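Visitor: I'd like to learn to read a model like this one, feature by feature. Please take me through it, with the general idea before each case.

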Amino acid sequence: MKILKTELPKASLLHSPPHPYHYVDSYQGILYDLDNTITPGDVGKAFFTSGPKWVEKLFALRNKIVAGLGLKTAGDISEREQKLAQFKCEPNEQMGLFKVFAKTEHEVILGEDDKHLDFRVSLLLQPQANEPTKKALTISTTVVFHNGLGRLYFLPVRPFHRLIVPTMLKGIITALETRKS
């Protein structure tokens, strides 16, 4: 499976109106939706269920480190499975650190606002012309820093982010292509 670094898609809600983002990246892969039934909500749910264990461990370490700085964390994850079962990926729902900001026919916007930075994650599912079972799935991330702490926080996150997002995208695509209809 090929994952490519790409530009922030013009079709994304994050693209319009133009924002003064301090960081932007996008990665894209091809998803085969043989029954043509996969929705952005399915992609959103897979975002939380298909990551590798090492990403979960990095995120847990992140939560331990930033809690002492007064930054937001994912909170208690002991009821994660129950919350995921009820999660519909609808605007204003919260899953761990991620709030659902918007959902359209082709996209879900997740993210969080904090005192040091705001971030958004777009999960954009775009049908391919003349190939109804083939869809481009793009994960885009935008970050706006509010202060020096935001810049300092993101400095060690950035190289991991470039590893995590393509890995998660592969996991999401695999999970959705192999799910039972």
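Visitor: Leaving aside its neighbours within four places in sequence, which residues is H146 in contact with?

Guide: Contact means heavy atoms within 4.5 Å. With neighbours within four places in sequence left aside, H146 touches D114, K115, H116, L117 and D118. Along the chain, H146 and K115 are 31 residues apart, and their C-alpha atoms are separated by 6.8 Å. Please keep in mind that this is a predicted model: local features need pLDDT of at least 70, side-chain atom pairs count only at pLDDT 80 or more, and totals for chains, interfaces and linings use all residues.

Visitor: Which side chain does a polar contact of 2.8 Å join to that of H146?

Guide: A polar contact is a pair of N or O atoms within 3.5 Å; within protein, one must be able to donate a hydrogen and the other to accept it, and residues adjacent in sequence count only if both atoms are side-chain atoms. Here the partner is D118, whose side chain is joined to that of H146 at 2.8 Å.

Visitor: Where is H146 found, and is H146 buried or partly exposed?

Guide: For the first part, helices (H or I, at least four residues) and strands (E, at least two) are DSSP runs, numbered from the N terminus. H146 is in the loop between β7 (131–145) and α4 (148–178). For the second, buried means under 20% relative accessible area, exposed over 50%, and partly exposed in between, with a 1.4 Å probe and protein chains only. At 42%, H146 is partly exposed.

Visitor: How many helices and strands are there in the protein, and what is the order of the strands in the open sheet?

Guide: There are four helices and seven strands, and from the N terminus the elements run β-β-α-α-α-β-β-β-β-β-α. Two strands pair if DSSP finds at least two bridges between them. The open sheet has seven strands in the order β1-β2-β7-β6-β5-β4-β3, with antiparallel pairing. Its edge strands, each pairing on one side only, are β1 (4–6) and β3 (94–95). Two bridges join β3 and β4 in the antiparallel sense, and Q94 stands opposite K99 in β4.

Visitor: How many aromatic pairs does the structure hold?

Guide: Rings of Phe, Tyr and Trp (its six-membered ring) pair if their centres lie within 6.5 Å; planes under 30 degrees apart count as stacked, over 60 as edge-to-face and the rest as tilted. There are seven such pairs in the structure. Take F47 and F98: their ring centres are 5.3 Å apart and their planes stand at 80°, so this pair is edge-to-face. The pair links distant parts of the chain, with F47 in helix α1 (residues 40–49) and F98 in strand β4 (residues 98–103), 51 residues apart. Both are buried: F47 has a relative accessible area of 9% and F98 one of 13%. One aromatic cluster takes in F47, F48, F87, F98 and F119.

Visitor: Which charged residue lies over the face of F101?

Guide: A charge sits over a ring if NZ of Lys or CZ of Arg is within 6 Å of the ring centre and within 35 degrees of the ring normal. R120 lies over F101, at 3.6 Å from the ring centre. K5 also has its charged end over a ring, that of Y27, 5.1 Å from the centre.

Visitor: How many residues has the largest nonpolar core?

Guide: A nonpolar core is a set of buried Ala, Val, Leu, Ile, Met, Phe, Trp, Tyr and Cys residues joined through side-chain atoms within 4.5 Å. The largest one has 36 residues, and those with the most contacts inside it include V43, F47 and F98. Helix α4 gives the most to this core, nine residues. Not counting residues up to four places away in sequence, V43 touches I38, L123, L125, L137, I172 and L176.

Visitor: What is the phi of C89 near?

Guide: It is near 60°, a positive value in a residue other than glycine. C89 is in the loop between α3 (80–86) and β3 and is buried, with a relative accessible area of 0%. V100, in strand β4, is also buried, at 0% relative accessibility. C89 and V100 are eleven residues apart in sequence and 6.5 Å apart from C-alpha to C-alpha. Another positive phi, about 55°, belongs to N36, also not a glycine. N36 lies in the loop between β2 and α1 and is partly exposed at 43%.

Notes: Residues numbered from 1 in each chain as written. Heavy atoms only, no water.
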